[in-house]
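Biologist: Please take a close look at the salt bridges of this model, and then follow the chain onward from there. I would like one connected account, with each term defined where it is used.

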Amino acid sequence: MHRVVLVPRGLPQRLGPGVPYPVVLVLLPPSETKSDGGAHAPLELAELSMPQLTAVRERLIGALVDLAGDPEATRTALGLGKGAEAEIARNAALRTAPTHPALQRYTGVLYDALDALSFTRVQRDKARARLAIGSALFGVVRAGDRIPAYRLSGGSKLPGLPTLSAVWRDELAPALTAETDGDLVIDLRSGAYQQLGRVPGAITADVVTEHADGSRSVVSHFNKHHKGLLARALVLTRADPTDVRGVARVARKAGLRVEIVSPTELVVVT
């Protein structure tokens, strides 16, 4: 029997009368590109999901804001080019900039395929309950969490701090374990973001391209696109997947070609 998911920001906990949200969480990777502006008040860390991460989030925000005072040091630490003034300004304004729900903040290939703008109201509620997004700055945020635009990648190293995997290691994994206790988790984050905090037993999905000679290779663009399609299928489905076979059925019904590698591994073939 499914239990009701506790969802952030007062989201409705049911799809309809007597029908609970299925206990499924899809962890998405973030994107380097993000939308500008925002329709909501500046960041309130206490209002984000997994508030036990607040201290680490505050520490990283402080480091990024301070770093933004030295544009050249910011370019070096974050691997930015000369035309990155807008990215540096975003980091400088982290505490005062307007916010958007995370699902509207992240953009790019995966989020184009997810196409959240096409969701109905009920589907948007379900997406906010089912989707979460990895973040070098926030660890993980739920789709409805309101965040500002920022620039920080999982492989970055901020001056005076250890690697981001070391910053997050002791905090994010326990928080994710508590957040997803008993849930079916489909972890679509890239390796750099999985290293920030893993979820034991999560189902992962690799995307490969099959060539005419039968050989297969991993291609970044198709990886992001098809993970976005898989996430969309998991939001729109009326099925309640409980294991890797159920996730594969949802993916196939959505037109994806998938293979089950193990009880916790799927391959999407393009």
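Modeller: Arginine 128 forms a salt bridge with aspartate 125, with 2.7 Å between the closest N and O atoms. A salt bridge here is a side-chain nitrogen of Lys or Arg within 4 Å of a carboxyl oxygen of Asp or Glu. The model is predicted, so local features need pLDDT of at least 70 and side-chain atom pairs count only at pLDDT 80 or more, while totals for chains, interfaces and linings use all residues. Residues are numbered from 1 along each chain as its sequence is written, and side-chain values use heavy atoms, leaving out hydrogens and water.

Both partners belong to helix 6 (residues 121-130), where they are three residues apart, about one turn of the helix. Helices (H or I, at least four residues) and strands (E, at least two) are DSSP runs, numbered from the N terminus. Arginine 128 is partly exposed at 24% relative accessible area, whereas aspartate 125 is buried at 9%. The limits are under 20% for buried and over 50% for exposed, with partly exposed in between (1.4 Å probe, protein chains only).

Strand 5 comprises residues 131-135; five of its five residues are buried, so this strand is largely enclosed by the rest of the structure. Leu131, Ile133 and Ser135 point one way from strand 5, and Ala132 and Gly134 point the other way. Strand 3 (residues 24-28) runs parallel to strand 5 and is joined to it by three bridges; one of the bridge pairs is valine 26 with leucine 131. Strands count as paired if DSSP finds at least two bridges between them. Strand 6 (residues 139-142) pairs with strand 5 in the antiparallel sense over four bridges, and alanine 132 has arginine 142 as its bridge partner there. Strands 5 and 6 are connected by a hairpin of three residues.

Returning to the charged contacts, the count is 16 salt bridges. Among them is the contact between the side chains of lysine 82 and glutamate 72, at 3.6 Å from N to O. Lysine 82 lies in the loop between helix 2 (71-78) and helix 3 (85-92) and glutamate 72 in helix 2, so the pair ties together parts that are ten residues apart in sequence. Lysine 82 is exposed at 61%, and glutamate 72 is partly exposed at 41%. Aspartate 243 and arginine 245 meet at 2.9 Å from N to O in another salt bridge, and aspartate 243 is partly exposed at 23%. Finally, a network of salt bridges links Glu32, Asp36, Glu87, Arg90 and Arg151.
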